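Student: I would like a close look at a single part of this model. Please take the sheet and what surrounds it.

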Amino acid sequence: MRIDIITVSPDLIKSPFEHSIIKRAIDKGLVDVHFHDLRKYALNKYGKIDDYQFGGGAGMVLMIEPIATCIADLQDERNYDEIIYMTPDAKTLNQQTANTLSLKENIIILTGHYKGVDQRVRDKFITKEISIGDYVLSGGELAAAVLCDAVIRLIPGVLGDETSALTDSYQDNLLSPPVYTRPSEYEGMKVPDILLSGNFPKIDEWRADKALEHTKNIRPDLLENKD
Ligand code: 6GU
């Protein structure tokens with residue numbers, strides 16, 4: 001998979017790609033991530049990429065021409081399956097979306113800033129808009145990093161069996177059951193007997209019960225979408 005990220009702050013977004021599972025995925029050649037500084041596509045030598053909004057109001061808006069030029073340059077090289085815009089005024093990211101995106105070959109991610117991008121960018125180029133939650137960040141860069149992490153770890157070969165994504169919370173619209181490790185007793189707090197029993201069918205049943213109970217308590221909305 002190849003991911004091209006178009007941003008006004010490449011430095012803000014690079015560091016998560018230099019660590020842990022994502023770095024390993026890049027080193028193994030399972031994903032190729034490229035950063036494109038929007039300012040390099042500026043209209044003039046002063047690096048102009050934004051302007052005041054028509055109709056008045058505070059905040060700068062990213063202009064269409066630099067973004068159009070950057071996307072055109074990328075599309076000259078290859079076809080893209082999705083051109084994604086990170087913005088708080090969109091549907092929120094969930095595991096299903098991450099699963100779907102992890103199967104794509106080439107994607108572009110455009111991150112917003114200031115007041116966002118000229119609506120015509122969205123109308124002309126964007127195939128998918130994603131928010132990461134109901135709160136506002138100062139830019140889409142961290143949101144893009146979150147999306148990339150959620151997607152990249154699902155690419156076949158990135159996680160080993162021991163950390164299989166299939167047992168993740170959310171994979172089946174359930175939150176995870178509790179987990180324990182040694183010691184089996186800490187200051188009178190005991191690990192549930194069932195987990196020490198060696199009875200694996202019973203342990204699976206216990207975990208399924210706990211996952212359901214936890215989900216009912218914390219996120220009952222998830223159960224409404226569950227078949
Ligand atoms: Cl994608 N961008 C910004 N700026 N804020 C957000 C977001 C995205 N998702 C949640 N909040």
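**The sheet and its surroundings**

Tutor: Strand 5 (residues 82-86) and strand 6 (residues 106-111) pair in the parallel sense over five bridges; strands count as paired if DSSP finds at least two bridges between them. This is a predicted model, in which local features need pLDDT of at least 70, side-chain atom pairs count only at pLDDT 80 or more, and totals for chains, interfaces and linings use all residues. Residues are numbered from 1 along each chain as its sequence is written. Helices (H or I, at least four residues) and strands (E, at least two) are DSSP runs, numbered from the N terminus.

Within that pair, Y85 has L110 of strand 6 as its bridge partner. Both strands belong to an open sheet of five strands, ordered 2-1-6-5-7 with parallel pairing. Strand 2 (32-37) and strand 7 (128-130) are the edge strands, each pairing on one side only. From one strand to the next, the twist averages 20°.

Helix 6 (residues 141-152) lies across strand 1 (2-7), strand 5, strand 6 and strand 7, at about 155° to strand 6. Axes are lines fitted to C-alpha atoms, for helices over the stretch in contact (C-beta atoms, placed from the backbone, within 7 Å), and angles run from 0 to 180 degrees between N-to-C directions.

The loop between strand 7 and helix 6 holds G133 and also D134. G133 is exposed because 11 other C-beta atoms lie within 10 Å, and D134 is exposed because it has 7 such neighbours inside 10 Å. The cut-offs are 20 or more for buried, 12 or fewer for exposed, and partly exposed in between, with C-beta atoms placed from the backbone.

Notes
Two residues are in contact if their C-beta atoms, placed from the backbone, lie within 7 Å.
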